[in-house]
Amino acid sequence: MVAPVKTSTHNPQWQELSQHPPIDDPAQLDNIKAQLDLVLLSLEALAGIGSEAILQAAAQLDLESIVADRVSLWRLRQSNPLRKSQGGRKKLDVEEARALVLICCHLAKEYQELIRRAVSLLEQLAEQNKEPHQAALLGDYLDNFANTYQERMDEEAHPPMDEMTHLALKLLIDLLFYSSPNGHRKLWLALMDRSR
Amino acid sequence: MIVRRYTPPTCTLMIEAQDSPLSRWVGQPTINALTFELSFDDPRQGEEHRVTIQGDRTDLELLLEAVTNYVQDFLTHQDVPKLSAVPDAPSRPYLKANSLISHHLVLGHLASESTGQEILLSATQLFDLATALDSYAAEIVALPNLNKVDFSRPSLWGKAAALLVVTVGVTATALQLMDRSQVANAPSPTPSPTEQAVAIQPEALPEPIPTPTGVPTPPGGLVPPTPLLTPAPIPNLPPTVASPVNPPPNAQAGRPAIQIPTGEPARPPANSAPSRIAVNPRPVPPPAPANRVPVITSAPPATPPRGGSPAPGTASGNVASAPPALLTTPPPLPDLPPIASAPAPMSEESANQGIAASRGASRGDRLFDTIPQVAEARTLLEQRWQPQADIKQPLQYDVMVNSDGTIERIRPLGASSAQYIERSGLPSPGQKFVSPLDGERKAIIRVLLRPEGGVETFLEQQ
């Protein structure tokens with residue numbers, strides 16, 4: 001039985017991801033939602049990307065049928081089980097997950113220079129045995145990440161600050177790889193493997 | 001001579017290869033005897049940190065595999081220090097994690113006195129290395145390598161061995177029809193069929209090469225995308241002799257190097273296939289005269305092979321290891337001797353693409369079973385495939401299915417997949433695999449078999 005297809009996008013990367021096996025395990029889907037929300041969170045924290053940029057990316061990728069407006073986007077991101085619950089959590093389906101993957105990687109490509117600069121700074125500071133907060137770009141990123149995370153996520157999901165920093169830096173480096181031409185494939189496979 | 005350079009900010013990957021006469025027949029650049037030079041030349045570091053490694057195509061593909069798998073592991077795991085994909089063979093390159101931003105590239109047999117055993121890579125250097133290798137993989141398509149041909153044990157790989165002989169024959173015919181002056185070397189004395197087949201270079205390929213399909217044209221892409229050509233029956237081959245030359249170790253002076261800066265990636269054109277350069281693994285010896293070879297069956301199964309007895313145990317199906325893009329419709333050719341079998345490992349497709357699904361995926365309907373035959377294939381193989389303690393990596397196959405549901409051919413992806421194909425549970429070419437497809441179309445179903453158990457299938461192409 002083939003599931004109904006919601007979108008008629010001609011996006012070739014979409015077509016490519018469509019050929020991967022489906023996700024029918026709810027726990028796996030939950031993990032994927034959480035991870036995608038975090039990837040978007042890291043983009044927000046680094047580049048100030050808001051819902052407008054995300055919706056614009058959806059339009060450029062011919063994914064408006066899935067992410068049409070701010071309400072749809074909010075609902076998609078609210079599906080993250082780590083978020084503070086406001087009742088009636090939406091279920092993220094596979095097509096929406098695919099769309100968010102493509103959007104994340106599209107935005108990572110757009111901001112590749114900034115992401116690379118941040119990672120290079122991190123490398124320099126590590127070489128000098130300095131803390132990442134000592135560079136303004138990284139300091140702002142880490143602060144934004146932590147504040148937004150704490151604001152949005154359920155308090156039970158709040159990690160200690162050093163783990164939060166590690167998470168933020170790991171996501172930053174992941175973004176660099178997602179900004180490559182086949183980043184969407186890397187992200188999708190990472191989501192699949194991570195959620196098993 | 002073909003030269004490619006991939007130049008991300010902190011490394012330079014240069015590929016050199018020789019044009020193959022097959023280019024005229026396959027309609028796209030076809031190259032022989034690829035060599036590479038990879039320089040780690042981060043401008044942020046002094047000259048004393050510059051390191052260069054060199055090797056051939058196999059070395060490059062081992063490196064590509066190691067980096068791609070490591071990067072994917074890095075992205076999958078939160079805890080980096082656990083990463084260290086030590087390969088089965090100690091001479092293969094691999095990577096191990098030091099920290100989030102520090103990784104060791106252990107060179108294995110690629111090491112030299114000047115390089116040392118390991119190279120330390122930062123996160124950006126690793127990213128650049130992966131980008132350069134991905135760009136190479138997107139451009140270069142390898143012709144099949146065959147292990148040593150075993151005449152004593154015919155198997156379902158006979159057709160694959162014949163394919164290489166066909167390739168030789170196509171080359172020979174091309175040279176026969178072209179001006180002799182274009183042949184770089186004089187042909188060597190015609191060997192016996194046995195010698196000829198064994199002399200076709202054996203070169204075990206590494207595990208699946210992450211060469212993704214559908215990858216966007218590399219930045220500053222060199223050639224416009226060309227459609228993949230569908231294979232056609234090659235009934236006969238010429239008796240004449242041809243011998244592509246070994247390439248010189250270095251590029252000829254004056255040949256332009258084509259730079260491919262890997263800065264901004266290009267937006268992929270919609271519904272286009274990336275242009276591919278086919279690689280001949282090594283020069284092949286001339287075919288023997290007046291002999292016959294099994295037909296490489298890419299025609300519908302009802303068409304019987306012409307010009308020679310097929311390998312025993314096979315029907316009209318074919319085990320081919322050349323991508324369809326490399327076969328066109330040649331003119332009628334004389335026959336070549338029958339070839340028995342050999343595994344035909346193929347290192348071409350993306351491991352990333354293949355290793356996609358969840359470990360514990362349940363049976364039943366799945367949203368991505370775009371045609372029912374994908375699920376049927378999975379169901380069948382789940383009954384046959386058992387966990388394998390001695391296999392370390394997933395086995396992957398592209399299975400081309402005829403419109404009647406029988407297998408036309410199976411293409412193993414990587415040396416392990418070829419080596420263990422008889423454990424896969426896949427039916428032989430010509431045998432029924434799934435229910436008939438709608439219309440007269442064929443389908444390519446990707447099969448992934450996990451060593452710990454578990455089968456994944458998805459539609460590659462229809």
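pLDDT is the predictor's confidence in each residue, on a scale from 0 to 100. The structure described here is a predicted model, and in chain A the mean pLDDT is 84, with 87% of the residues at 70 or more. Over residues 1–5 of chain A the pLDDT is below 50, and this stretch has seven contacts in the model beyond near neighbours in sequence. Among the elements of chain A, the lowest mean pLDDT, 71, belongs to helix H4 (residues 70–78), and the highest, 96, to helix H6 (residues 112–127).

For chain B the mean pLDDT is 65, and 45% of the residues reach 70 or more. For the complex, the predictor gives an ipTM of 0.90 and a pTM of 0.56.

Chain A contains nine helices and zero strands. Read from the N terminus, its elements therefore follow the pattern α-α-α-α-α-α-α-α-α. Of the 196 residues of chain A, 60% count as buried. Among its contacts between residues at least 6 apart in sequence, 71% join residues at least 24 apart. The accessible surface of chain A comes to about 8000 Å², and carbon and sulfur atoms account for 48% of this area.

In chain B, three strands form an open sheet in the order E5-E6-E7, with antiparallel pairing. Strand E5 (94–99) and strand E7 (118–122) of chain B are the edge strands, each pairing on one side only. From one strand to the next, the twist averages 25 degrees. Helix H3 (residues 123–139) of chain B packs on this sheet and touches E5, E6 and E7 of chain B. The direction of helix H3 makes about 105 degrees with that of E7 in chain B.

The pairing within the sheet can be followed strand by strand. Strands E5 and E6 of chain B run antiparallel and are joined by five bridges, and a hairpin connects E5 to E6 through two residues. Across this pair, B:Tyr94 stands opposite B:Val106 in E6.

Strand E6 of chain B is largely enclosed by the rest of the structure, because five of its five residues are buried. Both faces of E6 are covered. On one side B:Ser102, B:His104 and B:Val106 are buried, and on the other B:His103 and B:Leu105 are buried.

In soluble globular proteins, nonpolar side chains tend to be buried together. The largest nonpolar core of this model has 104 residues, and those with the most contacts inside it are A:Phe145, B:Leu13, B:Phe40 and B:Tyr136. Apart from this core lies another, of 25 residues, among them B:Tyr420, B:Ile421, B:Ile445 and B:Val455.

Leaving aside residues up to four places away in sequence, B:Phe40 touches B:Thr10, B:Cys11, B:His49, B:Arg50, B:Val51, B:Ile53, B:Leu105, B:Ile119, B:Leu121 and B:Leu129. B:Asp41 is found in the loop between strand E3 (30–40) and strand E4 (51–56) of chain B. With residues up to four places away again left out, B:Asp41 touches B:Pro9, B:Thr10, B:Cys11, B:Thr12 and B:Arg50. The C-alpha atoms of B:Asp41 and B:Thr7 are separated by 10.0 Å, with the two residues 34 apart along the chain.

Methods. Residues are numbered from 1 along each chain as its sequence is written. Chains are lettered from A and ligands numbered from 1 in the order in which they are written. This is a predicted model: local features need pLDDT of at least 70, side-chain atom pairs count only at pLDDT 80 or more; totals for chains, interfaces and linings use all residues. Side-chain values use heavy atoms; hydrogens and water are left out. Helices (H or I, at least four residues) and strands (E, at least two) are DSSP runs, numbered from the N terminus. Contact means heavy atoms within 4.5 Å. Two strands pair if DSSP finds at least two bridges between them. Axes are lines fitted to C-alpha atoms, for helices over the stretch in contact, and angles run from 0 to 180 degrees between N-to-C directions. Buried means under 20% relative accessible area, exposed over 50%, partly exposed in between (1.4 Å probe, protein chains only). Accessible areas come from the Shrake-Rupley method with a 1.4 Å probe; for residues, only the protein chains shown count as cover. A nonpolar core is a set of buried Ala, Val, Leu, Ile, Met, Phe, Trp, Tyr and Cys residues joined through side-chain atoms within 4.5 Å.
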